[in-house]
Amino acid sequence: MSLPYTTLPRRWDVLVAGGGTAGAIAGIAAAREGARVLVLESQGSLGGTGTNAWVTPLMRNVSGGVNLNRGLTDELKARLLARGDGAVDKNGNDNWFNPEALKYVLEVLLLEAGGEVLYHTSVVAPVVEAGHIHSLVVHNKGGLQALEADVFIDATGDADVAAAAGVPFHAGDEDGLHQAMSLRFTLAGVDLERLCTFLAEHGQWQESPRFMHFWMVWGKKSSLEPLFRRAVVEGVLEERDGDYFQAFSVPGRPGELSFNCPRIRADLNDGADPWHLSGAQTDGRESIERLIRFCKTFLPGCGQAYLGSYAPMVGVRETRRIVGDYTLTLGDILDSRKFEDAVCRNHYPVDIHSVKGGAKLLHEREGTAPYFAPDAYHELPYRCLLPQGVENLLVPGRAASSTFEAQSSIRVQQNCHSMGEAAGVAAAWAAREYGGTVRRVAGMALRERLRALGANV
Ligand SMILES: Cc1cc2nc3c(=O)[nH]c(=O)nc-3n(C[C@H](O)[C@H](O)[C@H](O)COP(=O)(O)OP(=O)(O)OC[C@H]3O[C@@H](n4cnc5c(N)ncnc54)[C@H](O)[C@@H]3O)c2cc1C
């Protein structure tokens, strides 16, 4: 790093780069283990994709009727439920939440644990000496500053720190293409009762206005497909608007729907490329104009609706994936492979939002592999969080060490929570007992500790 920067006189045990889905939880977990923790976040709130890309609800990750992610995830749900910002449907699905409230809940949990956060601060580069990160150079209103710590957690989702530190990584599929990005938005002022009735009459029954989920994807037998076709013929929608359309109600926000779309143009698929990211904002807003017009014109109950908000962050599903001490593969998932140093259990399917067309939800071995039994799950080892070539760095979240297909399965939020919790505990131990060397943390002891903290591992 040749640019001049000042080094802050303070020092932390653990620095977390990115206070998102995995990073916020990692910060809380490390602080609870007694570490001095600072979370560095480029946005003005915690939660990352779950809050600032407005990704709600949490995807279900259940096996044999049991939720596979517990620990801090349970605490988040309990706090959200107590505020009226979480909800449980009649099937026991407790994954509905209000992203705006989650920002506050995460912040309170971090501060209660004694952790600190520095918002509006982007990590620029690590200072690395002989495979050991010495400090992170950040940029914020104070200019360029270096912050020192014993252990670092790269929870940027894009492995920004790891990549800059020289850790090998993969990105995209065999052609270097990434999963599609989406710019989520909300529609407010919706008469949800009326919309529920309409949807029920059109083949998509809803439990109640509190628990709504409706969708349309070309060729996937959605009952709403004829409506979309008409909208395309009438010039309200473009063909690509039907590549993926999905909406949910949001606890604590009556009259509002959150949309898991629009899908961004296929040529803008790299969330680690600033030009693609910026293009995704403009392309997304253009598509949202069409989608809102469609809802107001074609969906009863939406006539008086208006744009609630654009998600501040573009939703990025996959960019860089580090090469770690273990790389999780599709085979591990389909064979329901278990590991002694497991830190996370998963039964969410392979779910690739391909820019090559269509959504590949389940792998071709569906039905025959052990993974498809209702009580099956596979595990993810601690070693997936350990980047090759650097001794005091952990990488939880969607950038953990996995193949393109495996990543599409483990990337959902509750798994990122579990990985974040494991990384936080391990970082605190490494700082306290092992001079920062994360490989000296015994995976099996870590697993025992996570179990004691309520994790399902
Ligand atoms: C459109 C979309 C729909 C999805 N749908 C669902 C769903 O319905 N349910 C579900 O469970 N999962 C869903 N997912 C998957 C899931 O939300 C993400 O995989 C997960 O949230 C990623 O968590 P993460 O911690 O790895 O990254 P993030 O949550 O993105 O966190 C990264 C954080 O790091 C910060 N950051 C990045 N770079 C820097 C830097 N250089 N300096 C400082 N800060 C930085 C970011 O601002 C962010 O806060 C969806 C994802 C997308 C994109």
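How many salt bridges does the structure hold? The structure holds 34, counting a side-chain nitrogen of Lys or Arg within 4 Å of a carboxyl oxygen of Asp or Glu. Before the details, some ground rules: this is a predicted model, where local features need pLDDT of at least 70, side-chain atom pairs count only at pLDDT 80 or more, and totals for chains, interfaces and linings use all residues. Residues are numbered from 1 along each chain as its sequence is written, and side-chain values use heavy atoms, with hydrogens and water left out.

**Salt bridges**

| Pair | N to O distance |
|---|---|
| Arg-32 and Glu-75 | 2.7 Å |
| Lys-356 and Glu-174 | 3.5 Å |
| Arg-451 and Glu-448 | 2.9 Å |

Arg-32 pairs with Glu-75, and that links distant parts of the chain: Arg-32 sits in helix α1 and Glu-75 in helix α3 (residues 72-82), 43 residues apart. Helices here are DSSP runs of H or I with at least four residues, strands are runs of E with at least two, and both are numbered from the N terminus. Arg-32 is partly exposed at 40% relative accessible area, and Glu-75 is partly exposed at 29%. For reference, buried means under 20%, exposed over 50%, and partly exposed in between (1.4 Å probe, protein chains only).

Lys-356, partly exposed at 43%, meets Glu-174, which counts as exposed at 69%. Arg-451 and Glu-448 are 3 residues apart in helix α12 (residues 443-452), so about one helical turn separates them.

**The ligand**

Around the ligand there are 34 residues, the closest being Thr-21, Glu-41, Thr-49, Met-59 and Arg-411; a residue makes the list if one of its heavy atoms lies within 4 Å. The backbone gets involved too: a polar backbone atom of Pro-57 is 2.9 Å from a ligand nitrogen, and a backbone N or O atom of Gln-413 lies 2.9 Å from a ligand oxygen. The protein covers 95% of the 1,000 Å² of accessible area that the ligand has on its own (Shrake-Rupley method, 1.4 Å probe).

**Strand β14**

Now for strand β14 (residues 245-249), where 5 of 5 residues are buried. Phe-245, Ala-247 and Ser-249 are on one side, Gln-246 and Phe-248 on the other. Strand β13 (residues 213-216) pairs antiparallel with β14 over 4 bridges, with His-213 opposite Phe-248. Strand β15 (residues 257-259) is also antiparallel to β14, joined by 3 bridges, and Leu-257 is the bridge partner of Ser-249. Strands pair if DSSP finds at least two bridges between them.

Terms used:
A polar contact is a pair of N or O atoms within 3.5 Å; within protein, one must be able to donate a hydrogen and the other to accept it, and residues adjacent in sequence count only if both atoms are side-chain atoms.
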